[in-house]
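Hi,

Here is the structure I promised to pass on to you. Could you have a look at it alongside my notes below?

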Amino acid sequence: MSIKNALLVDDSKVARFALSKLLESRDMQVNMAGSAEEALEFLNSHERPDVIFMDHLMPGMNGVEATRAIKGNPDTSGIPIIMCTSRKSPSFTEEAKNFGVYNILTKPPQSDGLGEVLDQLASDVSNGNLPEHTFTEVPEQKDPEALNIPDDASLQLSPKSEPEPKTNGHASPDVVPLTSDLIEQIARSAVKTHINNRLHELLSDLFDEQFHHLKRALDESRSKQEAAIEERLGDLSDLIEQRTRNLRDDVATEVNLNLARELVELKRDLKRQSGFTGEHMDELKDHITSVQTIDTEFWQTLQSEAIQQAHEISRETSEDIAQRTIDLFVAQQRAANSRVYTLGLAVSLGVFSVGIAWLSGLFG
């Protein structure tokens with residue numbers, strides 16, 4: 001299982017910004033809270049993150065108290081918490097793990113150290129090796145210079161010259177004399193606490209101011225870069241459009257020239273191939289004359305052949321008629337007398353003569 005989203009809790013905007021950039025470079029979704037109280041409210045109203053990066057020292061509820069609150073809630077106790085702090089001593093690490101911290105990330109965080117922590121966390125989550133936290137009360141850390149005063153003791157202001165009250169020869173266990181050394185220690189502790197708080201506030205303000213200044217500078221630089229890129233793209237677009245227009249004009253000119261040349265050639269060919277010239281007229285006349293000559297010769301030949309065929313047909317018909325007449329005459333001569341035969345022969349010869357005369361007049 002990979003770690004996909006994280007909740008980053010830190011009162012410093014600069015620290016949140018630096019760590020969020022490292023996390024986003026690992027393709028993680030980052031949500032941020034400026035205080036422990038805001039982080040607890042986020043956990044109650046949003047989806048649970050895969051890991052929480054908790055700052056150690058924060059105004060109000062610090063990181064230790066926030067970790068205890070998160071681990072004390074059954075709904076959020078299973079979320080691994082990585083504490084971001086400048087303290088990484090073995091004793092502090094052991095104490096941190098006792099109140100539920102998974103690991104320690106040294107501030108300011110580095111990419112290598114962050115990668116090792118996240119890789120180990122992903123491995124433990126995948127293998128089910130996350131430590132099950134059993135909440136134990138850890139005594140609150142005391143300042144190294146804190147006073148060794150019993151919790152139920154009271155302070156009594158008494159001058160140094162006065163003897164300390166005794167009870168059966170022993171000092172009262174419930175009353176601590178307020179000496180000048182004790183006052184000095186109290187004052188030193190209060191001043192140190194005030195200075196630390198004030199330094200923390202000043203550093204936070206300084207970091208926030210530098211963060212805003214850096215963010216403003218980055219925004220201005222980004223705006224200038226975008227403007228320069230936009231201008232460059234506009235110039236490039238104009239150059240491309242101009243070159244395209246010139247290329248289009250060149251292509252159109254070349255096409256027009258080719259079309260003009262083709263049109264001139266076509267007109268020349270049409271002029272050569274259209275209309276009748278003098279030569280064409282002479283050729284046509286010669287052709288008509290030759291056709292007429294051929295037609296006259298053909299009709300003359302056809303007429304001669306027709307006359308010849310008519311003569312042959314007439315001759316063949318006359319011979320056939322004469323032969324039939326002769327045969328008829330012979331037959332009749334045999335059957336009748338000779339006068340009838342002679343009359344028939346005369347009639348036949350007359351018909352034959354008339355036929356010959358008629359044919360001669362038809363084709364003459």
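Two strands count as paired if DSSP finds at least two bridges between them; strands (E, at least two residues) and helices (H or I, at least four) are DSSP runs, numbered from the N terminus. This is a predicted model, where local features need pLDDT of at least 70, side-chain atom pairs count only at pLDDT 80 or more, and totals for chains, interfaces and linings use all residues. Residues are numbered from 1 along each chain as its sequence is written, and side-chain values use heavy atoms, leaving out hydrogens and water.

First, the sheet. Five strands form an open sheet in the order β2-β1-β3-β4-β5, with parallel pairing. At its edges are β2 (29-33) and β5 (103-106), each pairing on one side only. Strand β1 (residues 5-9) runs parallel to β2 and is joined to it by five bridges. Within that pair, Ala 6 stands opposite Val 30 of β2. Helix α2 packs on the sheet, touching β1, β2 and β3 (51-55), where contact means heavy atoms within 4.5 Å.

Now for the helix pair. The axes of α2 (residues 36-45) and α3 (residues 63-71) come within 10 Å and cross at roughly 20°; axes are lines fitted to C-alpha atoms, for helices over the stretch in contact, and angles run from 0 to 180 degrees between N-to-C directions. The two helices are therefore roughly parallel to each other (angles under 35 degrees). Ala 36, Leu 40 and Leu 43 of α2 meet Ala 66, Ala 69 and Ile 70 of α3.

Best wishes

How values were computed. Parallel < 35°, antiparallel > 145°, perpendicular 65-115°, else oblique.
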